[in-house]
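Let's take a walk through a protein together, step by step. Please have a look at the sequence and the 3D picture before reading on.

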Amino acid sequence: HAHAGLTFGIANTVATVPGIVSGPLTAQIVSRAAQMGSAPDRPSPGIAGAGAAPDGLSIPWAWHPVFALAAIVNLLAAAYYLRASRAHDVLSTTASAWRQIRVSRDEGGDSGTSTS
């Protein structure tokens, strides 16, 4: 319990960073994609509709790099999870450990805890 608060604080800080970074990063990606101009198979910015934003936010294809980046991040995270995760029965493992402690205590062995 001594380090629970510190661990919780660090985890929350790390988890907050993507939320802070993603807004400006998305704006940069969309703006740069829109500035690259329209390809022959893409509609020109003027076709996006009346009052189209000059930064490309209303150009549908300008968002493709954002979604591609999100897909890549998700695929990498899924690959890491599949590689690093493992499955084991928590309840039977815990019950087995408690049985060993009880047997050790009943036999007069040192269970690692003192009652004095």
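Predicted model: local features only at pLDDT ≥ 70, side-chain atom pairs only at ≥ 80, totals over all residues.

Residues are numbered from 1 along each chain as its sequence is written, and side-chain values use heavy atoms, leaving out hydrogens and water.

Let's begin with the fold. The protein has three helices and zero strands, and along the sequence they follow the pattern α-α-α. Here helices (H or I, at least four residues) and strands (E, at least two) are DSSP runs, numbered from the N terminus. Now think of contacts, meaning heavy atoms within 4.5 Å. Among contacts between residues at least 6 apart in sequence, 53% join residues at least 24 apart.

How much of the protein is buried? Of its 116 residues, 7% count as buried. Buried means under 20% relative accessible area, exposed means over 50%, and partly exposed lies in between (1.4 Å probe, protein chains only). The largest nonpolar core has seven residues: Val-30, Ala-33, Ala-34, Ile-59, Trp-61, Ala-62 and Val-66. The largest share of this core, three residues, comes from α1. Such a core is a set of buried Ala, Val, Leu, Ile, Met, Phe, Trp, Tyr and Cys residues joined through side-chain atoms within 4.5 Å.

Now to the outside. The protein exposes about 9500 Å², and carbon and sulfur atoms supply 65% of it; accessible areas come from the Shrake-Rupley method with a 1.4 Å probe, and for residues only the protein chains shown count as cover. On the surface, Val-17, Ile-20, Val-21, Leu-25, Leu-69 and Val-73 form a nonpolar patch with about 500 Å² of accessible area together. Helices α1 (4-35) and α2 (64-84) each supply at least two of the patch residues, and α1 gives the most, with four. One of its members, Ile-20, is found in helix α1 and is exposed, with a relative accessible area of 59%. Patch residues have over 30% relative accessible area and no salt bridge, and like charges are joined within 9 Å, nonpolar side chains (Val, Leu, Ile, Met, Phe, Trp, Tyr) within 5 Å. A salt bridge is a side-chain nitrogen of Lys or Arg within 4 Å of a carboxyl oxygen of Asp or Glu.

Finally, the rings. Rings of Phe, Tyr and Trp (its six-membered ring) pair if their centres lie within 6.5 Å, and planes under 30 degrees apart count as stacked, over 60 as edge-to-face and the rest as tilted. By this rule there is one aromatic pair. The centres of the Trp-63 and Phe-67 rings are 6.4 Å apart and their planes are at 35 degrees, so the pair is tilted. Trp-63 is partly exposed, at 27% relative accessible area, whereas Phe-67 is exposed, at 56%.
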